[in-house]
Amino acid sequence: MASIDPAAILDSLEEHMMKTEDNLKKSFNAIRTGKASPALVEGIMVEYYGTPTRLRDIAGITAPEARLLVIQPWDASAVGAIEKAILASNIGITPMSDGRMLRLPIPELSQERRAALSKQAKSETEEAKVALRNLRRDANEVAKRQQKDGSLTEDELKRMLEDIQKTTDRYIALLDEILSAKEKELMTV
């Protein structure tokens, strides 16, 4: 088996952990906070001419006011399908249609709904932490295999495992910061 440079193992680990962090941020963008954000609806799948299509691919989505989203389909015949998809998406917003565009007034969140969204954010953060731990385990296995093959000395392996753990701890702390910022945003009335 070819040996892998220890720095390459750490670089790969860092890259995968960054992707995990980005995925958490993207999923947090879709959690409603009472403010209008196109990210809230852009990933909704719409049945468009028999093909599931992302809303952002068939319509322009804008937030002209702090509590209003406007969806302007490029094809006016898609308004009904978009309205149906938004209602089915369970985001808790009822669209208003004028036949050419949809308006989504963002209602104020109740304390109960805020708590539920906060719980959802915690759950998604925990899933991201599990992903980080899996990445750590995989990197540790690669490092141990390298040591077994004779590519790494005992000391290099020990240093490598410490570096992997430090990287994991740094990203877990980062995810906790992202979560606390989202919770603060959710709980602000």
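The radius of gyration of the protein chain in this predicted model is 22 Å, whereas a compact globule of 189 residues would have a value near 16 Å. Along the principal axes, the C-alpha atoms occupy a box of roughly 70 × 40 × 25 Å. The accessible surface amounts to about 10,900 Å², and carbon and sulfur atoms account for 52% of that area. Of the 189 residues in the chain, 37% are buried.

The secondary structure of the protein chain consists of five helices and six strands. With regard to contacts between residues at least 6 apart in sequence, 64% join residues that are at least 24 apart.

Helix packing was examined for α4 and α5. Helix α4 spans residues 111-149 and helix α5 spans residues 154-187. The two helices pack at an angle of about 170°, and their axes lie 10 Å apart. Because angles over 145 degrees count as roughly antiparallel, α4 is classed as roughly antiparallel to α5. Sorted by residue class, the contact of α4 with α5 comprises 17 nonpolar residues, seven polar residues and 10 charged residues.

Notes: Residues numbered from 1 in each chain as written. Predicted model: local features only at pLDDT ≥ 70, side-chain atom pairs only at ≥ 80, totals over all residues. Heavy atoms only, no water. Axes fitted to C-alpha atoms, helices over the stretch in contact; angles between N-to-C directions. Helix = DSSP H or I, 4+ residues; strand = E, 2+ residues; numbered from the N terminus. Parallel < 35°, antiparallel > 145°, perpendicular 65-115°, else oblique. Nonpolar A, V, L, I, M, F, W, Y, C, P; charged D, E, K, R; others polar. Rg over C-alpha atoms; globule rule 2.2 N^0.38 Å. Buried < 20%, exposed > 50% of the residue type's maximum accessible area, 1.4 Å probe, protein only. Contact = heavy atoms within 4.5 Å. Areas by Shrake-Rupley, 256 points an atom, 1.4 Å probe, with all protein chains shown as cover.
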